[in-house]
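This report concerns the protein chain shown below. Please keep the sequence and the structure in view while reading.

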Amino acid sequence: MGIRIANDKDIVKIGDLLAQLGYPTEPVFLREKILQLLGDSSHVLVVYEERGDVESVMSIHFVPQLALVGDFAIISYLAVDANSRSKGIGKALEEYCVELATERNCDRIQVHCNIRRTDAHRFYERQGYTESRKYFSKKLERHLSSIET
């Protein structure tokens, strides 16, 4: 079937894919996040489906720039099932992201990739990404939502 927009029926498989990357997943929380992303046009959540099985998920966010002509896209998650890697699925999803970003007047795509994911680093380099040496992050104190309590 190929690439399609995710829906709330994909929760379990998306949770499995995220768990393979080491992220904890809770179905109620994940459902809320999926519905949030699907309800906001500045985000796109897609899956890659083959013979009725979801093999991959990708979350894309589009960020308008105040002082620059071109906006930018961020791939926040790209997870391919461990049993389906090296089959071109990640490449197809990344190329789909390029198409969407181009359509939305983006002039670049950014992706954060954990330092320990060296195979993913090689993948992104093959796709034309270059490493950016400075990336700053600040942890914020969060108040627990009703889902987390």
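The model is predicted. Its five strands form an open sheet in the order β1-β2-β3-β4-β5, and the pairing is mixed. Strands β1 (2–5) and β5 (106–111) stand at the edges; each has a single partner strand, so one side of each lacks a neighbour in the sheet. From one strand to the next, the twist averages 30°.

## Strand pairs

Strands of a sheet pair through backbone hydrogen bonds, in either the parallel or the antiparallel sense. Here, β2 (residues 43–50) is joined to β3 (residues 53–63) by eight bridges in the antiparallel sense. Within this pair, Glu50 has Asp53 of β3 as its bridge partner.

Strands β3 and β4 are likewise antiparallel, with eight bridges between them; His61 is bridged to Ile74 in β4. By contrast, β4 and β5 run parallel and are joined by five bridges. Phe72 stands opposite Arg108 of β5.

## Cover on the sheet

Helix α3 (residues 89–103) lies across β1, β2, β3, β4 (71–80) and β5, and runs at about 30° to β3. Strand β4 is mostly covered, with seven of its 10 residues buried.

## Nonpolar surface patch

Ile5, Leu35 and Leu38 make a nonpolar surface patch of about 230 Å². Of these residues, Leu35 belongs to helix α2 (residues 27–38). The relative accessible area of Leu35 is 37%, and this residue is therefore classed as partly exposed.

Terms used:
Residues numbered from 1 in each chain as written. Predicted model: local features only at pLDDT ≥ 70, side-chain atom pairs only at ≥ 80, totals over all residues. Heavy atoms only, no water. Pairing = 2+ DSSP bridges. Helix = DSSP H or I, 4+ residues; strand = E, 2+ residues; numbered from the N terminus. Axes fitted to C-alpha atoms, helices over the stretch in contact; angles between N-to-C directions. Contact = heavy atoms within 4.5 Å. Patch = residues over 30% accessible without salt bridge, like charges linked within 9 Å, V, L, I, M, F, W, Y side chains within 5 Å. Areas by Shrake-Rupley, 256 points an atom, 1.4 Å probe, with all protein chains shown as cover. Salt bridge = Lys/Arg side-chain N within 4 Å of Asp/Glu carboxyl O. Buried < 20%, exposed > 50% of the residue type's maximum accessible area, 1.4 Å probe, protein only.
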